[in-house]
Amino acid sequence: MTKSRWTLSVTAALTAILLPALCRSLPPEIHSNFSTDEEGWTAVGGSIIYHEFGGYRDGFLEFQDTAIGDGYIVAPPRYLGDLREYITGYFRVQLKTYVGTDGVVEPIFGRMEIRSGTLVIAADMVAPAPVIGWIPFTLLLELNSWGGDVLEWRSLLSNVTEIRIYLDVQTGLLDRAGIDEIHLHPGEIANESWTWGAIKGLYGR
Ligand SMILES: [Ca+2]
């Protein structure tokens, strides 16, 4: 084989290997904009009040703390299952709180948990401070933002059974928070600022 034919053969082989990977389509974005209802989100340790107007855009969810313990909302099934194709993507939500500026915010507020059975990874989207007005918070779906061992992390994300977003703003009862435009994007984040990402790590419960 001449050098030029060998080069062509190698180029063709590399193209056959690399092109499908480069052209691999991303999975669909998963989102909840709450235009007409709660879109399957439920509450634990509190209640959801659906508002048709007043969100970041149109409708939104209001979580009200009505029980002792840390309250959170639970994602519907379309966010669950094998999320490995979303690694390097990100979650984004719009949040607001109804506490006064002198209110003490619980550290758990804005924590997101991804669970697979008893395994849990967790990260904080929000600093423990009131969120005045609708503010976007972004959490990268990559190891550095969540911590843990990479093999365990990928194993957990291959079979996600529950996703929680903690919206318990303050100690005591009847504190409230709003949430809107919950998005899980498969692609890398565009060049823009993103907020807090304190690592909570991977652990069993
Ligand atoms: Ca909305």
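Start at Arg 111, whose bridge partner in β8 is Asp 124. Strand β7 (residues 111–116) and strand β8 (residues 119–124) pair in the antiparallel sense over six bridges, where pairing asks for at least two DSSP bridges between two strands. Two residues sit between β7 and β8 in this hairpin, and Gly 117 in the turn has a positive phi of about 60 degrees. On to another partner of β7: four bridges join it to β10, again in an antiparallel run, with Met 112 standing opposite Ile 165 in β10.

A word on what you're looking at. This is a predicted model, in which local features need pLDDT of at least 70, side-chain atom pairs count only at pLDDT 80 or more, and totals for chains, interfaces and linings use all residues. Residues are numbered from 1 along each chain as its sequence is written.

Now zoom out. The chain has three helices and twelve strands; these are DSSP runs numbered from the N terminus, with helices being H or I of at least four residues and strands being E of at least two. Of the 205 residues in the chain, 32% are buried. Buried here means 20 or more other C-beta atoms within 10 Å of a residue's own, exposed means 12 or fewer, and partly exposed is in between, with C-beta atoms placed from the backbone. As for contacts (C-beta atoms, placed from the backbone, within 7 Å), take those between residues at least 6 apart in sequence: 77% of them join residues at least 24 apart.

What about the middle? The largest nonpolar core has 45 residues, and those with the most contacts inside it are Leu 167 and Ile 179. Such a core is a set of buried Ala, Val, Leu, Ile, Met, Phe, Trp, Tyr and Cys residues joined through C-beta atoms within 7 Å.

Next, follow Gln 64, which is found in strand β4 (residues 60–65). Gln 64 counts as partly exposed because it has 18 C-beta neighbours inside 10 Å. Gln 64 and Leu 167 are 103 residues apart in sequence, yet their C-alpha atoms are 8.3 Å apart in space. Beyond residues up to four places away in sequence, Gln 64 touches several others, including Leu 174 and Arg 176.

Arg 176 belongs to strand β11 and has C-alpha 6.3 Å from that of Thr 97, which is 79 residues away along the chain. Leu 174 lies in the loop between β10 (162–166) and β11 (176–185), and its phi is near 75 degrees, a positive value in a residue other than glycine. Most residues other than glycine have a negative phi. Is Leu 174 buried or exposed? With 10 other C-beta atoms within 10 Å, Leu 174 is exposed. Glu 181, in strand β11, also has a positive phi, about 50 degrees, although it is not a glycine.

Finally, how far to trust all this? The predictor's confidence in each residue, pLDDT, goes from 0 to 100, and the chain averages 84. Confidence is highest in strand β5 (residues 72–74), at a mean of 98, and lowest in strand β12 (residues 199–204), at 40. Over residues 192–205 the pLDDT is below 50. Where pLDDT is low, the predicted coordinates should not be read in detail.

Terms used
Contact = placed C-beta atoms within 7 Å.
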